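Q: Could we go through this structure together? I am new to it.

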Amino acid sequence: MRKASRLFEIIQILRLATRPVTAATIAGTLEVTVRSIYRDIAALQGMRVPIEGGRGIGYIMRPGFDLPPLMFSIEETEAIVLSLALLERTGDDELKEAARRVNQKIAGAIPAPLRQTLHSKALHAWGTIAPSPLGLDLALVRRAIRDEQKLMLDYRDEAGRATQRTIRPLALIYYSATAVVVAWCDLRQAMRNFRADRVENCGLSADYFRGEGDGLRDRWISGWRTSPPPGPPPSSSR
């Protein structure tokens, strides 16, 4: 997590806390070291964020400090509720957990009448919930897409043929049955779709394709708009 994001998360944690929160608790939530939290809190205090407390007793935000308010209409709030519910149907565990955190943050920042809309349970997303793929971490794929880093796959196609691929991941499509990784395949020298449930193992390559992602994605989107797939393809082409 980048420092700017971490500082924002610390502010959010302390804003919503009703009692002092220890650095160890914050560190566990953000998956960083306690020493990093001490440094971050010192940085926030240096920026005049009214955090009180100390080591061993915990930290709390003094009343009166707030982030810029989030103002949504009823319809916008309902759109958020349904979008977060749809994320629960993906097989991406990290995104599902992120959706729960988003819900908490929005609930802490909007007026009470809109907060009731978030918690009313009146809107639901129904249907098949995709299982989490066993051989592929979708969070790893999303990071590789952002960082433009190649991935190495052990992949088995519809006929059971096993291949090893080095790919340049470009996009993720979430279907009700599984997720599909859209990528440039270095082996085939072409765009390919890889079903997440047919990936037996996946790891980061030491190679990057920085500066190429947007161009390859535009190329894929142009072809996809011409003939969009009706559903998840059976496998990567040979």
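The chat below goes from the chain as a whole to its helices and its sheet.

A: This is a predicted model, in which local features need pLDDT of at least 70 and side-chain atom pairs count only at pLDDT 80 or more, while totals for chains, interfaces and linings use all residues. Residues are numbered from 1 along each chain as its sequence is written, and side-chain values use heavy atoms, with hydrogens and water left out.

Q: How many helices and strands does the chain have?

A: The chain has eight helices and seven strands, taken as DSSP runs (helices H or I, at least four residues; strands E, at least two) numbered from the N terminus.

Q: And how much of it is buried?

A: Of its 238 residues, 41% are buried, meaning under 20% relative accessible area with a 1.4 Å probe, protein chains only.

Q: At what angle do α1 and α3 pack?

A: Helix α1 (residues 3-16) and helix α3 (residues 34-46) pack at about 80 degrees, their axes 10 Å apart. Axes are lines fitted to C-alpha atoms over the stretch in contact, and angles run from 0 to 180 degrees between N-to-C directions. That makes α1 roughly perpendicular to α3, a term for 65 to 115 degrees.

Q: Which residues of α1 make the contact?

A: K3, R6, L7, I10 and I11 of α1 make it, where contact means heavy atoms within 4.5 Å.

Q: Now the sheet: what is the strand order?

A: Five strands form an open antiparallel sheet in the order β6-β5-β4-β3-β7. Two strands pair if DSSP finds at least two bridges between them; β3 (residues 149-156) and β4 (residues 162-174) have six.

Note on methods
Buried < 20%, exposed > 50% of the residue type's maximum accessible area, 1.4 Å probe, protein only. Parallel < 35°, antiparallel > 145°, perpendicular 65-115°, else oblique.
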